[in-house]
Amino acid sequence: MSILTMNMLLFISVLTFPLVQSHLALSQDKVELSSGIDETIVDHSVGPCEDFYQFSCGKWLEKTEIPSDLPMWDRSFMAIREKNREILRKILERYSQGTFKSPKNAYAKKLGSFYGACMDEKGIEKNSLSELSEQLKLIDHLELLDFKKSFPVLLAQLHLKGINVFFDLG
């Protein structure tokens, strides 16, 4: 997956996060909610006063594999984030395929089109070289004699296009 595609997916997930609840409220989708203690992860072979961590997480540690693309994995926020991404991906796929028609959600078509364009890796790869050459032309036009004036302008132009050079504002 190209960097542009990954950045666009991150951008889409930020934009669409508030839509998850509205989508679920408007659709007939059932969302499985769970709460409480998950007894399947408790290791009863160890007493809680002996080794509480092993007691409370032992079975989960045995059966859980850290995803190969991540340095660590936990049951709380990382799992929640992945579940939210999966829900968002399914919603956006339905929007992009036009299979979800909601008169109450005015953004479904726009988000579906945007997501579909971002997931068109062949189109992105085809156009990425021309986009990159345009960005490199900006660097080529740095005036060597007046570098102090032209370099900050170039940085500003790149930052306005979402290309964070040397620093990021947030």
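Mentor: Start with arginine 89. Its relative accessible area is 30%, so arginine 89 is partly exposed. This is a predicted model, so read each value as computed from that prediction. The side chain of arginine 89 meets that of glutamate 86 in a salt bridge, at 2.3 Å from N to O. Both residues sit in helix H3, 3 residues apart, which is about one turn of the helix. Glutamate 86 has a relative accessibility of 30%, so it too counts as partly exposed.

Salt bridges with shared partners also join Arg81, Glu82 and Arg85 into one network. Take its links one by one. Arginine 85 bridges to glutamate 82, with the closest N and O atoms 3.3 Å apart. Those two residues both lie in helix H3, which covers residues 77-97. They are 3 residues apart, about one turn of the helix. Arginine 81 also bridges to glutamate 82, and here the closest N and O atoms are 3.5 Å apart. Glutamate 82 is therefore a partner of arginine 81 and of arginine 85, and a relative accessible area of 29% makes glutamate 82 partly exposed.

Arginine 85 has a relative accessible area of 43%, so it is partly exposed. Arginine 81 comes to 32%, so it also counts as partly exposed. The cut-offs explain these labels: buried means under 20%, exposed means over 50%, and partly exposed lies in between. Across the whole structure, a search finds 4 salt bridges.

The protein has 6 helices and 0 strands. Along the sequence the pattern reads α-α-α-α-α-α. Of the 170 residues in the protein, 23% are buried. Take the contacts between residues at least 6 apart in sequence: 39% of them join residues at least 24 apart. The protein exposes about 13,300 Å², and carbon and sulfur atoms supply 61% of that area.

Next, go to helix H6, residues 147-160. It has 14 residues, so at 1.5 Å a residue it should span 20 Å. Its end C-alpha atoms are 20 Å apart, which agrees. The buried residues of H6 are Ser150, Leu154, Leu155, Leu158 and His159. These buried residues pack against helix H5, which runs over 121-140. After H6 comes glycine 162, with a positive phi near 90°.

Helix H5 also holds isoleucine 139. At 42% relative accessibility, isoleucine 139 counts as partly exposed.

Cysteine 49 has 83% relative accessibility, so it counts as exposed. Cysteine 118 has 4%, so it counts as buried. A search of the whole structure finds 0 disulfides.

Then move to the network of Arg81, Glu82 and Arg85. From there, go on to H6 and the packing of its buried residues against H5.

Technical notes
Residues are numbered from 1 along each chain as its sequence is written. This is a predicted model: local features need pLDDT of at least 70, side-chain atom pairs count only at pLDDT 80 or more; totals for chains, interfaces and linings use all residues. Side-chain values use heavy atoms; hydrogens and water are left out. A disulfide is a pair of cysteine sulfur atoms within 2.5 Å. Buried means under 20% relative accessible area, exposed over 50%, partly exposed in between (1.4 Å probe, protein chains only). Helices (H or I, at least four residues) and strands (E, at least two) are DSSP runs, numbered from the N terminus. The expected span of a helix is 1.5 Å times one less than its number of residues. Contact means heavy atoms within 4.5 Å. Accessible areas come from the Shrake-Rupley method with a 1.4 Å probe; for residues, only the protein chains shown count as cover.
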